[in-house]
Structures are given as structure tokens and as C-alpha cells.
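I set out to record what could be looked up in this structure, entry by entry. The sequence and coordinates come before the notes.

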Amino acid sequence: MRWLLAKDKREVLSFAPLQGETARRILGRHPKADRSLATVLYARDVDTENETVYERSDAALMILRDVGGLWHALSWLRWIPRALRDVVYDVIARNRYQWFGKLDTCQLPEPGESHRFLD
């Protein structure tokens, strides 16, 4: 999340806990979405008829696409079969703390970021 906040210069992303009211409302409309805390979910076009929830590698690639800039270029990876992308996603997810480190506590939003965090 910290990485995304830093890369999302246009502030197109908002964040919500899976246990919160925003996620509960969205996931209520998408009963097949994975509700485990072991994956990332990304909702686009929220509260519209085009609302879509993406999971795992689909979510990661759509996030990069929406963040834009050079990150948008990686969205071409969505043409790789999902099963293969999800294997890579799972390897990264399992090893992310070892590779990138882990904070001892959840960071609070910096001043000026609180509007990007939903309940």
C-alpha cells in the first residue's frame, strides 16, 4: 500500500479494509469474489453498472494500469494466461516480507492522505 501511495501521483486509488463497510457493500454485489485476507482485490467503476472486482494477478495488473505512467506498460502482462500469472502472484505474495521487508505496525496515513482511505 505504501508503494502504491507513492507511485499513484494522480491519486486514482483509494484503499479500504476487507473487513470494512466499503468492502462489505461492494463484495455484497460480487458473491464469487475471494473474501480471504490472503489476496488483493481491486474494484473499478464502483457504484456503477460497470463495477468490476479483480483478484490476484488481475487486480495487480489493473492497479498498475490505472496508476499509469511507466507502470501502465506492465499491463500487457494480462495477455499471459491467468493460471500462470497467478502462480507468479502467489510466489511474490508468499515471499514479499522476506524480499521487501515488513513493518512491525500498520502505518497511519500521512497528512493529506486520509481522504484516500475508506471505511
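Predicted model: local features only at pLDDT ≥ 70, side-chain atom pairs only at ≥ 80, totals over all residues.

**Entry 1: helix α3.** I began with α3 (56-67). This helix has twelve residues and spans 17 Å from its first C-alpha to its last, close to the 16 Å expected at 1.5 Å a residue. I then asked how many residues of α3 are buried. Nine of the twelve are, so the helix is largely enclosed by the rest of the structure. Among the buried residues I noted Ser57, Asp58 and Asp66 as well as Leu61 and Leu64. The cover over the buried residues includes α1, β1 (41-44), β2 (52-55) and α4. Just after the helix, Gly68 adopts a positive phi of about 80 degrees.

**Entry 2: nonpolar cores.** I looked up the largest nonpolar core and found nine residues: Leu4, Leu5, Leu13, Phe15, Tyr42, Ala59, Met62, Ile63 and Val67. Two elements, α1 (2-7) and α3, each give two or more residues to this core. The most come from α3, with four. I checked Ile63 separately; leaving out residues up to four places away in sequence, Ile63 touches Leu4, Leu13, Val40 and Tyr42. A second, separate core has five residues, including Ala23, Ile26, Ala33 and Val53.

**Entry 3: salt bridges.** I counted eleven salt bridges. Arg2 and Glu113 form one of them, at 3.3 Å from N to O. Arg2 belongs to α1 and Glu113 to the segment after α4, so this pair ties together parts 111 residues apart in sequence. Glu113 counts as buried at 15% relative accessibility, whereas Arg2 is partly exposed at 25%.
Arg56 and Asp90 form a salt bridge at 2.4 Å, N to O. This pair links α3 with α4, across 34 residues of sequence.
Arg24 and Glu21 also meet in a salt bridge, at 3.3 Å. Both lie in α2 (residues 21-28), three residues apart, which is about one helical turn.
I also noted a network of salt bridges that joins Arg25, Arg29, Asp47 and Glu51.

**Entry 4: Arg116.** Is Arg116 buried or exposed? At 4% relative accessibility, Arg116 counts as buried, because the cut-off is under 20%. Arg116 lies in the segment after α4 (82-100). The side chain of Arg116 makes a polar contact with the side chain of Asp8 at 2.3 Å and reaches the backbone oxygen of Leu13 at 3.1 Å. Beyond its neighbours within four places in sequence, the contacts of Arg116 include Leu5, Glu11, Val12, Ser14 and Phe15.

Technical notes:
Residues numbered from 1 in each chain as written. Heavy atoms only, no water. Buried < 20%, exposed > 50% of the residue type's maximum accessible area, 1.4 Å probe, protein only. Polar contact = N/O pair within 3.5 Å; in protein donor to acceptor, adjacent residues only side chain to side chain. Contact = heavy atoms within 4.5 Å. Core = buried A, V, L, I, M, F, W, Y, C linked by side-chain atoms within 4.5 Å. Expected span 1.5 Å × (residues − 1). Salt bridge = Lys/Arg side-chain N within 4 Å of Asp/Glu carboxyl O.
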